[in-house]
Amino acid sequence: MSLALSFRKKADSLASDAHYNKAILLRKRALNIYQSIRPVPFEELVNTYRTLGYYYRKNGDYKEGEYFQKKAVTLAEQKLSESNPELIKAVNGYGILLLAKGEYQQCLELFQRALSICQKTNCPE
């Protein structure tokens, strides 16, 4: 798992300099590692899917971004508790992508859902 963490950190560093294509490759390598670990680290998987969606969105590829954002939300809903910050971040991240695409009604629904979860769970963010 430490190798996956190294890939994540390097990817995030590259993304902070807007090198999204390279960051995507490293995050996908981390994803492959997380998918092979037992027990599956679902929080790390959700984080990686969500971040890949963000990188694709920042790179202008909304279709791929949406694929990964949806995957993050679905996995978070199935495997994480409602109070887990990764669920809230996944829902919010998907909303941001839809906002960028101009899909305002769906975006608003996701933002309201994230806010509702936050209010119920007293999330710190």
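Author: Happy to! The structure holds 0 disulfides. Cys107 takes part in none, and the nearest cysteine sulfur, belonging to Cys118, is 16 Å away. With a relative accessible area of 3%, Cys107 is buried. Please keep in mind that this is a predicted model.

Helix α1 covers residues 2-16 and helix α2 covers residues 20-36. Their axes lie 8 Å apart and the two pack at an angle of about 160°. An angle over 145 degrees counts as roughly antiparallel, so α1 and α2 are roughly antiparallel to each other. Their crossing is left-handed. On the α1 side, the residues that meet α2 include Leu3, Leu5, Phe7, Arg8, Asp12 and Leu14. On the α2 side, Tyr20, Leu26, Arg27, Ile33 and Tyr34 are among those that meet α1. Sorted by class, this contact has 13 nonpolar residues, 6 charged ones and no polar ones.

The loop between α1 and α2 deserves a glance as well, for it contains Ala18. Phi of Ala18 is near 65°, which is positive although the residue is not a glycine. The next loop along, between α2 and α3, holds Pro39. The peptide bond leading from Arg38 to Pro39 is cis, with omega near -5°. For background, most residues other than glycine have a negative phi, and most peptide bonds are trans.

Thr48 is found in α3, and its relative accessibility of 0% makes it buried. Setting aside neighbours within four places in sequence, Thr48 is in contact with Arg8, Arg27, Leu31 and Tyr34. Arg8 belongs to the α1 side of the α1 and α2 contact, while Arg27 and Tyr34 belong to the α2 side. Thr51 is also placed in α3 and counts as buried, at 9% relative accessibility.

Helix α3 (residues 42-58) packs with helix α5 (residues 85-101) at an angle of about 15°, and their axes are 10 Å apart. Angles under 35 degrees count as roughly parallel, so α3 and α5 are roughly parallel to each other. This crossing is left-handed. From α3, Glu43, Val46, Asn47, Arg50, Gly53 and Arg57 meet Glu86, Lys89, Ala90, Ile96, Leu97 and Ala100 from α5. By class, the contact has 5 nonpolar, 2 polar and 5 charged residues.

Asp61 sits in the loop between α3 and α4 and counts as partly exposed, at 30% relative accessibility. From Asp61 to Gly102, the C-alpha to C-alpha distance is 14 Å, for a pair 41 residues apart in sequence.

Methods: Residues are numbered from 1 along each chain as its sequence is written. This is a predicted model: local features need pLDDT of at least 70, side-chain atom pairs count only at pLDDT 80 or more; totals for chains, interfaces and linings use all residues. Side-chain values use heavy atoms; hydrogens and water are left out. A disulfide is a pair of cysteine sulfur atoms within 2.5 Å. Buried means under 20% relative accessible area, exposed over 50%, partly exposed in between (1.4 Å probe, protein chains only). Axes are lines fitted to C-alpha atoms, for helices over the stretch in contact, and angles run from 0 to 180 degrees between N-to-C directions. Helices (H or I, at least four residues) and strands (E, at least two) are DSSP runs, numbered from the N terminus. Angles under 35 degrees count as roughly parallel, over 145 as roughly antiparallel, 65 to 115 as roughly perpendicular and the rest as oblique. A crossing is left-handed if the near helix is turned anticlockwise from the far one by less than a right angle, and right-handed if clockwise. Contact means heavy atoms within 4.5 Å. Ala, Val, Leu, Ile, Met, Phe, Trp, Tyr, Cys and Pro count as nonpolar, Asp, Glu, Lys and Arg as charged, and the others, Gly among them, as polar.
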